[in-house]
Each structure stands twice: as structure tokens, then as C-alpha cells.
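Reader: Could you walk me through the terms used for this protein, with the rule behind each one?

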Amino acid sequence: MSPAKRFARSRVSVITSLSLGAAALVAVPAGAAAAAPRDPLGLPSLSSADRYILAPSGRTVRPVKAAESYGLNADHVTAASETSEKEGHDLDAGTSTTAKADGVMTRQTGAKAGAGFGYRMRVAPGHGPVTLRVEEAGSATAHYEVLVNGEVVHERKPDPAQAGVWSGDKAGLVHYDVAVPARLVRSAGDIRVTFRNTANPGPGARIHAVWTLQQGGRAPAAPYGGTVQNPSGAFRQGGTTLTSNEYGRPYVIYDFGKEVGGQIQVTADVRKGTPRLGLAFSESAQYLTTASDYSQDPVGLATETHYLDTEAGRTAMTDPVIRGGFRYLMVFLDGPGEVKLSDLRLKFTADPANPDLDGYKGAFLSSDDTLNRLWYAGAYTVQMATIDPTTGRPYPGKEGPVRNDAIVGDGDSIISDGAKRDRMIWGGDNAVADAVSYLTTGQSAPSANAVAFMAKGQAANGQIPGLYLTEEFGYNMNWGEYAAWWVDNYWTHYLYTGDGDFLTTWYGAMKRNVAWLESNAGDDGLLTMKGAGGTWGYGNDAGGTYVSSLYVKVLGQAARAAEAKGEPELAKTYREHAARTAKAINDHLWDPAAGAYKVSKSDGNHPQDGNAMAVVAGVATGDRAQAVLKFFGDGLANPHGDLTVDKPGGVVPQYISPFVSSQSLLAHSAEQDMAGAMSLLRRTWYPMLGKAQPGTLWENVSPAGAPQLGSYTSLSHGWAAAPTSFLTNQVLGVAPTSGGFGTFTVLPHPVNGLRWAEGRVPTPRGDITAAWKRHGGTFTLRVAAPSGSTATAGVPAQGAAEVRVNGKVVWRDGRSVKPGVTVRDGLVQVPGLTGTSILTASR
């Protein structure tokens with residue numbers, strides 16, 4: 001069963017359409033494009049798409065609101081301080097102990113049923129409801145109760161969304177709130193808060209800190225409590241005043257409304273004491289705690305929260321450390337004192353070489369609001385991953401204050417993998433992100449810098465590294481798969497930019513890199529990466545379907561580069577090698593019972609990556625390609641996306657990878673299955689656009705629909721941005737077929753429920769604009785090609801009795817009436833178009 005049927009939603013009509021195919025450029029007289037008639041589409045101006053742009057208009061960004069604050073922080077206790085627990089809060093420890101979890105000190109009940117501990121905490125009777133804010137080590141299985149004065153007020157249940165799989169079980173510190181019934185708040189001004197295991201507690205309660213919070217009232221007598229006045233004043237008017245005693249931690253959570261990154265700036269008027277100012281960051285609300293979400297590897301070593309020292313009087317402060325990606329900022333006092341904050345803002349540092357952050361050169365607009373938002377979410381995701389190469393993430397993470405000052409490339413900007421982390425060049429990630437950059441901001445230098453920088457690290461054996469692990473460790477050769485993706489990045493750069501000098505400069509490196517890949521092909525033709533077996537998410541199995549199919553794909557791209565450089569015999573050799581490996585994959589790795597390819601000869605599970613790549617590379621054709629798509633629906637489809645493999649326990653881990661799913665999108669469209677492509681798009685990427693999310697696209701997703709790596713997950717990761725290029729290249733249909741869009745195709749793939757789409761694609765020759773619309777029995781396509789470029793455009797053949805170009809009939813009743821016009825992949829394709837052309841298909 002197809003995933004579109006398994007997970008159909010009546011409110012999203014995306015069921016059928018046409019597929020993308022390789023367009024033949026058959027020359028026809030240029031006169032077909034003469035004197036186009038008036039545009040009949042009547043679509044909104046592309047400038048109206050600007051409302052979807054997430055990028056800021058300048059380098060100064062302010063919060064959009066104070067998302068959470070309490071006027072009264074009546075009390076605060078933390079397991080990080082023995083004095084706080086015992087002297088300040090009358091700890092009843094029971095059998096509990098303290099130990100680090102998720103990088104912070106926690107008090108832990110352990111796994112014994114019924115075990116517990118408790119604190120006596122201050123409140124302010126008569127000043128409104130009391131809320132407990134609890135920070136704990138995240139866990140998918142913890143199960144315990146929270147009691148106030150002996151009565152259960154909250155059951156902390158197992159939560160599969162908190163499954164951390166990066167460093168052991170470290171999901172990251174999380175928080176939750178508990179409303180305390182008014183009848184339990186005694187007039188004496190204190191309550192007893194207890195954490196008690198259930199019969200099946202998992203790891204039990206692991207509590208870092210607890211607050212008692214109220215909206216107003218006077219703080220308890222010292223040393224307890226704190227207050228917050230005018231929480232929005234820090235970024236608006238009047239300032240925000242935080243006052244704290246020893247056992248208080250007043251805070252305000254500021255929401256920037258979307259993913260941002262850079263350096264926090266604020267003016268601090270210190271009126272009493274010299275408390276440190278804590279700045280905690282998170283891409284999501286779930287992981288926003290005083291410890292921040294994870295950005296370093298290994299996790300839990302570096303202090304992720306930034307602390308600024310204060311001094312008496314008024315001081316304009318700039319955080320010296322860049323925080324690459326976050327939406328939420330928690331500002332709190334760490335220590336007794338009083339501070340008034342004003343002029344809170346962010347110095348935005350992403351996309352550093354772009355003087356016009358929101359002046360996108362490319363555009364996309366359609367009749368579907370969610371698709372529009374998704375296109376711009378992908379655009380902004382890649383923008384956020386575009387960084388100054390001197391602001392990478394150090395590796396490995398070390399104890400002490402966090403830093404983002406590692407050298408990870410050269411030039412004034414590069415496309416890294418993600419905003420928060422890793423802030424490094426990863427060749428496979430760039431295979432998705434580079435095209436998005438070309439199509440949106442129109443920038444090519446960040447990708448060129450990344451491709452060239454990796455080529456500079458080419459090994460003596462010819463392998464181009466997949467990663468530069470900062471200046472401390474240099475180029476890393478463990479990811480053989482990414483050597484193949486380098487070829488893809490190299491050729492894609494030429495297709496989108498037409499930069500002949502770049503093609504020539506790195507052509508020799510490409511040939512040596514391909515020779516290294518060829519040296520890894522065994523006698524059977526399958527690829528085994530000797531000593532460089534790492535892939536996007538696992539150690540590659542010898543002779544695997546995925547890397548072998550990727551090899552076939554990039555050999556085709558290398559062949560086109562060889563032809564562009566005048567070496568047709570080398571191109572022929574590359575294609576012969578590709579055909580040999582494709583045959584080997586089909587001979588040795590096809591599993592007819594499953595209707596899918598195996599991971600490898602030694603691993604009988606069936607992966608998403610290998611099967612998708614087999615279709616994309618042309619290894620799987622005809623019935624086998626159709627069987628693969630059926631396998632996606634029957635064997636991999638999940639409500640939150642397609643799983644990476646049908647069974648756990650093999651070499652391929654089982655979760656949902658937007659990177660791998662980008663190839664699945666192309667596989668569906670290559671086989672004229674736009675229903676399947678749109679089902680995958682809806683299940684995988686639509687939830688990332690939720691109101692509480694950062695508006696950017698996630699690195700990976702767990703089978704439960706949560707961030708797969710807990711708080712370490714990057715929620716702004718360039719390899720997840722494929723929907724942007726998919727919507728331009730497949731749905732709108734614009735794609736280059738020769739360097740710099742000298743020739744290009746406009747082959748739309750409209751889906752049911754989508755009435756129209758339009759867009760602008762920046763090229764070295766000028767902008768391409770394209771638009772299509774369906775109305776009644778007529779499909780109309782408008783293409784405007786810049787001077788010096790030639791288009792092949794297509795309109796749906798099904799149901800069409802006649803096709804016209806600029807009013808002249810070119811196809812009628814199933815036959816071409818003009819030389820060169822053909823029917824291919826369900827489209828009547830018209831080559832040789834220049835200038836502005838309007839194609840209509842009518843019944």
C-alpha cells in the first residue's frame with residue numbers, strides 16, 4: 001500500500017500528478033518564442049511571497065515577546081548546592097543520592113519502587129496560584145509522582161519523545177510545570193514538595209531544580225525568593241528589573257519567534273550586589289532550561305549556558321560567545337542582587353557575507369500556504385547554516401564555558417551543516433544545502449568555498465575528505481560516502497553557476513577522487529569503502545546498495561564534467577563503470593520477496609537510503625522501481641515520515657532522516673508518483689512548522705515524531721532543506737541542464753489540490769520566471785528565459801487535445817505538428833524556447 005493511502009488526510013489534497021524525467025534538448029526554431037501574448041494567468045505578484053521570508057532585515061534582532069515570567073519567584077532549590085538542599089530547604093533525602101545526569105547535578109531516587117525525597121519550599125499565601133517549575137534529566141521511561149503536602153498533584157509519565165540516543169541516554173535537561181491546588185498552600189508560607197517513584201519507575205526522578213512561582217506578591221524574607229518587574233521592558237520600554245535573594249532564581253523567557261543566532265547584547269544597570277547574568281538558549285521550548293540545550297560533542301561537558309559577570313552601575317554588555325542557533329532565551333540572575341535590563345537585542349551573525357539578508361533573489365509562491373512556508377523554511381535553514389568559518393564549533397567539547405571560535409574553512413562564509421551544531425563542513429549535508437542557497441539567496445560563494453576547501457584536503461590516494469574536524473584535527477577521511485557527494489557538489493555548482501574557472505580548477509581533483517572511488521569497487525562491481533566506511537548515519541556495510549548506487553549516480557555526473565572538459569572517452573569509461581556496478585547491484589542485492597534492495601550481501605534488512613538512491617541513480621527501473629515505491633509504503637511508512645530501514649538491529653539505525661528522505665522525494669517524482677512524494681513531504685516536514693518550533697527544518701526525527709537525538713538534535717540543519725529545491729525543481733519544474741542555466745527545463749509536476757505555482761530562479765544570465773495554472777480543462781504555463789539561455793518546457797499530455805505555444809499549435813490529437821515536440825514522462829515537451837513563452841494545453 002502506498003504511504004499516500006496509508007496516511008491520507010482529507011484536508012490535504014495531494015494525490016496524483018506527473019513525474020520529473022530527464023528532458024531531451026531537441027533543437028527547434030527559436031521563432032517559437034516570438035512576441036508572446038499577454039499573460040493569461042492572473043496570478044499574485046511574486047513580491048507577495050516576501051511575507052514568508054524568515055530572514056531579518058538587518059543585523060539587529062529583538063525578541064517578539066516575553067514568553068514566560070512570574071512576578072514572584074517565591075523559592076528555588078537546586079541539587080547543585082548541598083547548602084541549598086539541606087540548610088535552605090530541609091531536604092528529606094530518603095535513599096536518594098546526587099549524581100550528574102545530562103551534564104548537571106541531579107538528586108536521584110534511583111530505580112526502587114516507592115523511593116523518594118522531598119524539600120520544604122516557601123510560598124506567598126494570598127498572592128495567587130502557586131506553580132512548580134521542575135527541571136529534570138530527560139527520560140523516555142521515567143515514571144514517578146509529585147506530591148505537595150502528601151497529596152499527589154502530578155504524575156510524571158514515560159515520554160517516548162525524550163529518547164536521547166547520542167551520548168548514552170542523555171536526552172538533555174527538560175522542564176515541566178505543576179499547578180498546585182490552592183487548598184494545599186498553607187498560611188504558614190511553606191509547602192512540602194516530594195518526588196516518589198511509582199511501581200515501575202524506570203530510572204526514577206532525577207531532579208536538578210525546583211521553583212515555586214506566583215504571578216505577584218512580595219518575596220519571602222531573605223534568603224528566599226526573587227521578583228521580576230516589567231518583563232517586556234528589556235526590549236521595549238521601561239526596562240526589566242530582576243531581584244534575587246540567595247535562594248531565588250528570577251527569570252524571563254524571551255521568544256524571538258523563529259530560529260536566530262549571534263551574540264546577545266544588553267544594558268545592565270546593577271543596583272545591588274553583583275550577580276552573574278545567566279543566558280540560557282534553546283531551539284525548542286521543551287529543552288529550554290537553565291542548562292540550555294546541547295550543542296557540544298560529547299554532550300554534558302561544556303557549560304552551554306553563557307554567564308556574564310556584572311559590576312555596579314550601568315554597563316552595555318555584549319556576550320563574547322556566539323550562540324549559533326536558538327529561538328528561546330532564558331535570562332536569569334545567578335546570585336543575590338538587583339539588576340535592571342534594557343536594550344536587549346541580538347547581533348545576528350548568520351550568513352555573514354550577505355549585505356541583504358531578506359532580499360532573496362529567488363522566490364516561490366503557490367495556492368498552498370503550507371508549501372509556501374516550507375519553501376522559505378528551507379531557505380532560512382540554509383541561511384542559518386551559512387557561517388563565518390572562524391566561528392565553528394570546537395571538537396571535542398571540553399569542560400568549562402562553551403565556545404564557537406574554531407576554524408572550519410576559509411573565505412568569508414561557508415555552508416556548514418547546522419546553525420547550532422556542528423558548524424562544520426560536511427560534504428553530504430552540502431549536497432542538499434548548496435542548491436537551496438543558489439535557488440533562494442542566490443549566493444554561490446559559500447558553497448564554492450566549502451567545495452574548494454574540502455578539495456584542498458585531498459589525500460595522496462585521491463580521496464577527498466568528507467569533514468574538516470577543526471584546525472585541531474584537520475581533514476577527516478572516515479566518511480567515504482562524502483567523497484562521492486563531493487563530486488555531486490562540484491558538478492551542481494557548475495550547473496547552477498556556469499563557473500568555468502571553478503570547473504577547471506578542481507577538475508583534476510575530481511578525476512583523482514573518482515579514481516579513488518573506482519579503486520573501492522570489488523571484482524563484483526559493488527563498492528566497499530576501505531578504511532573510510534562512514535556514511536550519513538552508520539558505518540557502511542561492505543558492498544552496500546546505498547554507496548554502490550551513489551557511486552553510479554556520481555559517475556554519471558563525472559561523465560558530464562568530462563564531456564564539458566572535452567574528454568569524451570573518459571566520460572564513456574565512467575558510464576561503463578556505472579553500468580557494471582548497476583548490474584552488480586541488481587544481480588546481488590535485489591530481494592524479490594521484499595520487492596526491495598538489501599542493505600548488503602551480509603545484511604538482509606532493506607534500507608530507505610539504498611532503495612531511494614537506486615531509483616534516483618537509474619539502477620532500479622521499470623517494475624523494480626515501482627516495487628521500491630510500494631516497499632516504501634508497506635515497509636517503511638510511519639505517521640512521522642519513512643523509517644530508514646524496515647527492521648531494527650542491523651547496521652542501519654531505525655529512525656526518520658530528512659536527509660535520506662530527500663532522495664526518496666526524488667525517487668517518487670522520478671517514477672511519476674507525486675502522491676507518494678507529497679505524502680512523504682507532509683508527514684516528515686509539515687510538523688516542523690508548528691507554532692512552538694523554530695520555523696526551520698530538523699536534522700532527524702524519532703519514530704515517535706520527536707527530535708531523534710534529544711536536545712542535541714539540530715532543529716536547523718541544512719541537510720533537511722530539500723523541500724525548497726524539490727518545490728522549485730519538481731513542482732514548479734525549473735532545473736538547469738547545462739552550466740549556468742545555458743539550457744534548462746521547465747517541466748511542472750502539479751499535484752491534486754494545487755491550483756497554481758510560480759517562482760523566480762536566479763541565474764548568471766538573469767532571472768528565470770515560471771508560472772503554471774490549472775483552470776477548468778486548460779493548463780497554462782508561462783516561462784521567461786533570460787538572454788542567452790534556452791528552455792525546454794512541458795505541459796501535461798493527459799487529457800489534452802491540443803497544445804499551443806504563444807498561440808500557435810505545436811501538438812494536436814496525440815501528434816506533434818512541429819519538429820522536435822515530443823511526449824515524455826507524461827508531458828508534451830517543447831524545446832528551443834527563448835524569451836517569454838506561454839504554453840497552453842486544452843481539452
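Author: Gladly! The count comes to six cavities of 30 Å³ or more. This is a predicted model, where local features need pLDDT of at least 70 and side-chain atom pairs count only at pLDDT 80 or more, while totals for chains, interfaces and linings use all residues. Residues are numbered from 1 along each chain as its sequence is written, and side-chain values use heavy atoms, without hydrogens and water.

Reader: What makes a set of points a cavity?

Author: On a 1 Å grid over the protein atoms alone, a 1.4 Å probe fits at those points but cannot get out. The largest cavity has a volume of about 60 Å³, volume being the space filled by probe spheres set on the points, which are joined across faces, edges and corners.

Reader: Which residues line the largest cavity?

Author: Among them are Ile425, Asn430, Val451, Met454 and Trp486; a lining residue has an atom within 4 Å of a point. Helices α4 (427-439), α5 and α7 each give two or more residues to this lining; a helix is a DSSP run of H or I with at least four residues, numbered from the N terminus.

Reader: Why is α5 called oblique to α7?

Author: The axes of α5 (residues 445-455) and α7 (residues 480-497) come within 10 Å and cross at roughly 140 degrees. Axes are lines fitted to C-alpha atoms over the stretch in contact, with angles from 0 to 180 degrees between N-to-C directions. Under 35 degrees is roughly parallel, over 145 roughly antiparallel, 65 to 115 roughly perpendicular and the rest oblique, so α5 is oblique to α7.

Methods:
On a 1 Å grid over the protein atoms alone, a cavity is a set of points where a 1.4 Å probe fits but cannot get out, and a pocket is an open set with protein on both sides within 12 Å along at least five of seven lines; lining residues have an atom within 4 Å of a point.
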